[in-house]
Amino acid sequence: MAYDQNNIFAKILRGEIPCNKVFENDHALAFHDINPQASVHVLVIPKGDYVSMADFTANAPAELIEGFMRAVGEVARELGLESGGYRTISNAGPNSHQEVPHLHIHILGGRPLGPLLDSRFEN
Ligand code: AMP
């Protein structure tokens, strides 16, 4: 899948639309999800044109992969989620309901989250 320069996270990275930022460095930007699914719901995105985890891990330079993954851990720490625990999710492709075609890792926490998947998936 080709990277779409007009996706909403590309616009956030270019500063064309605002976000509620929680962290930024040379490799990553993290901001609160606009439609939170948990009491803490933050998205971490790499500073590069990658659609998914598969695209990123196949094509990004090692320095960016390292910097991005370290940023995910740092954001969770800074959000105070380590002691209580948290969940990271990265959706890719139609079966996952990926809405935004720029790699992002959801960090979810703040209270007990329940099971990863609902039993209805078996239907
Ligand atoms: P996904 O379904 O994994 O692609 O998740 C996309 C996420 O981006 C959803 O949880 C949306 O609520 C969130 N989202 C969409 N637009 C924005 C925005 N402008 N700022 C923050 N989060 C957004």
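Predicted model: local features only at pLDDT ≥ 70, side-chain atom pairs only at ≥ 80, totals over all residues.
**View 1. The residues around the ligand.** Asp33 places a polar side-chain atom 2.5 Å from an oxygen atom of the ligand. For His106, a polar side-chain atom is found 2.8 Å from a ligand oxygen. Asn91 also takes part, with an N or O atom of its side chain 2.8 Å from an oxygen atom of the ligand. On its own the ligand would expose 500 Å², and the protein buries 87% of that.

View 2. Look next for Val42 in strand E3. Val42 counts as buried because its relative accessibility is 0%, and the cut-off for buried is under 20%. Although 11 residues separate Val42 from Phe31 in sequence, their C-alpha atoms are 5.5 Å apart in space. Beyond its neighbours within four places in sequence, Val42 touches several residues, among them Val22, Ala30, Asp33, Val75, Leu79 and His106.

**View 3. Helix H3 and what it packs against.** Helix H3 runs through residues 62-78 and reaches 24 Å from its first C-alpha to its last, close to the 24 Å expected. Its buried residues include Leu64, Phe68, Val72 and Val75. What do the buried residues of H3 pack against? Their partners are strands E1, E2, E3, E4 and E5, together with helix H2. Just after H3 comes Gly80, with a positive phi of about 75°.

How values were computed:
Residues numbered from 1 in each chain as written. Heavy atoms only, no water. Helix = DSSP H or I, 4+ residues; strand = E, 2+ residues; numbered from the N terminus. Expected span 1.5 Å × (residues − 1). Buried < 20%, exposed > 50% of the residue type's maximum accessible area, 1.4 Å probe, protein only. Contact = heavy atoms within 4.5 Å. Polar contact = N/O pair within 3.5 Å; in protein donor to acceptor, adjacent residues only side chain to side chain. Areas by Shrake-Rupley, 256 points an atom, 1.4 Å probe, with all protein chains shown as cover.
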